[in-house]
Amino acid sequence: MDNIKAIDIRQLHKSYGRVPALQGVDIDVDQGEIFGFLGPNGAGKTTTIRCMLDMIRPQSGFIRIFGFDPRLDPNILHTKVGYLPGELNLEANRKVRNTLRYFVELRGNSVDWDYVLYLVDRLELDLETPVKNLSKGNKQKVGLVQAMMHKPELLIMDEPTSGLDPLMQQEVYRLLRQAKTEGSTVFFSSHVINEVETLADRVAIISKGKIIEEAEPGELINMEVRRMQVRFREPVDIKPLTQVAGVELQSQNGGKQVTLRVEGDLDAVIKALARYPVSDMDLQRQSLEQAFLTYYQGVSLEGG
Amino acid sequence: MFTEFKHTLRRLRGSIIGWGIGIFSYGLLMASFYSAMQGMEDFTELLENYPQEMLAFFPSISEIMTPQGYMDTYYFAYMTLIIGIFSVAAGGNLLVADEEKGILDLLIAYPVNRSGFFLGRLAGYLVATAVILIISWLGWLIPSGSSGLGLDAVQLLKPFLPLYVILVLFGMFALFLSMLLPSARSAAGLSGAMLVINFLLVGLSNINPELQEIYVLTPLYFYQGGSAVVGVDWVSILFLSDLAMILVLLAWWLFTRREIRVGGEGGWKLPNLGFNIRRI
């Protein structure tokens, strides 16, 4: 059983009418792995996940989850899987407690309610609040609890930290690492490079329905492109700054303010800035779409 | 399956209470009026002077002084239309409303197979409709001692059976349509329209005999109404039940093969029935 892949997907094709959503996706995930599925919005992440759970049917391809075909054995599969959808919707009029009770009942009351309370406590969720009064972040916490409450063998999470504040995002990362330690496999999608880099053991990058690369998380830093605005206390000579590898000058204002485009590691540029009288600095990440375009410059994404 | 059954009943409890109380009160009122009407000797004469077009919609009006004629004219002839609103709305929304809200996406990932999910919801709907009719029946039963109808509990219950079957039939038609049409609202709307057209055909076919040919092919032709007080037409009940069962099977077949939508997907397309799947 240990040799069986947690997820084995080959040549998955799915179209919505004439619009191709997946064009031959191949993914394999080992048991006990945290696997990040990175891609911009509309790349095919959710479609892949929904095919894996037999919510939609691909036109062709091969999917096995722990060796089971989702179409033939959905019940066995759903027993082993905890799922968090990308767009979580819950019954509005129920309290959180009753919502979770309902989910426990759907799992045949096989869930340890004390563990549910433990997760509720970890995520600082109020059980007595009606779902309609929850913020997006708190709704997401309900989704996380229901996905993890039965300690599934495989966690499939579509954008797990969507809507959560940074502190709570860290707590979710800890919970997912804990799940891995306890033997679970985690498959999560994200469009945030930093998140995948922090959490995943391995990463697949999808764009326009194709896996364009499988990467080690450490390699993702090279994809990071940031826009850096720096203000100086007095006019300075910025020429040495623009000569740092990966740095490109975008604009300047009389030597008192510069906007730089920085690719990859920040170490060199920070060290170069240390020689200047910096009064303020602002750092913005590019969107994943922009980062992809930059990183794969010269590579046609259309042709794969 | 049982969880979904309970869940469906819980969700429909507002409708059960609302419709139940409303129809119960109306039944109570109508039952109480029966004895008062018996003393109105000119009433039959008055009714006979009504325009034929109006009388055509109440086929039992000539028997209005009998318990079955009275119950049919004042209650069962148009209860199909009144409670039919609940029936088609609940049927059309039974599964697809959750899909439209994006809730089904999560529920279907639980270890309840689609057939179990379908059956749980269907059972909830069938019980909810039955409970509404039982509450409605109590509206006739409670004043039965003083109403002068002279009918016992079972006799009063009998006309509710064909009413239940016809309501379920139109509800299942809405459920079936919801598997094909892009929204629960369009499925409920179209089935409701079919019910109204069928109801109009009942009357119009009495005025225009040429419409009889169409009317005899419609469900309400097999609906017994208040005359079931004196004996239930089991053949019609079985026929309508069979039709409802066929619609249930079709809806179940489509649901188990359906692509569960999240917002924006799908539309006026036949569902992916799985015939075109190639495997490697």
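I started with the open sheet of chain A in this predicted model. I read six strands in the order E5-E6-E7-E3-E8-E9, with mixed pairing. I looked up the edges next: strand E5 (81-84) and strand E9 (210-215) of chain A each pair on one side only. On average, I find neighbouring strands of this sheet turned by 15° against each other, direction ignored.

I then took one pair inside the sheet. Strand E3 (residues 34-38) and strand E8 (residues 202-207) of chain A run in the parallel sense and share four bridges. For A:Gly36 I noted A:Val203 as the bridge partner in E8(A).

Next I checked which helices of chain A lie across these strands. Helix H1 (residues 45-52) lies across E3, strand E6 (154-158), strand E7 (185-190) and E8 of chain A. I have helix H1 of chain A at about 145° to E6(A).

I looked up the domain division of chain A: domain 1 covers 7-217 and domain 2 covers 224-295. Taken over C-alpha atoms, the centres of domain 1 and domain 2 of chain A are 36 Å apart.

I noted a span of about 80 × 40 × 30 Å for the C-alpha trace of chain B along its principal axes. Of the 280 residues in chain B, 41% are buried. Among contacts in chain B with a separation of 6 or more, I find that 78% join residues 24 or more positions apart.

Technical notes: Residues numbered from 1 in each chain as written. Chains lettered and ligands numbered in written order. Predicted model: local features only at pLDDT ≥ 70, side-chain atom pairs only at ≥ 80, totals over all residues. Domains from an automatic or database assignment. Buried ≥ 20, exposed ≤ 12 C-beta atoms within 10 Å, placed from the backbone. Contact = placed C-beta atoms within 7 Å. Pairing = 2+ DSSP bridges. Helix = DSSP H or I, 4+ residues; strand = E, 2+ residues; numbered from the N terminus. Axes fitted to C-alpha atoms, helices over the stretch in contact; angles between N-to-C directions.
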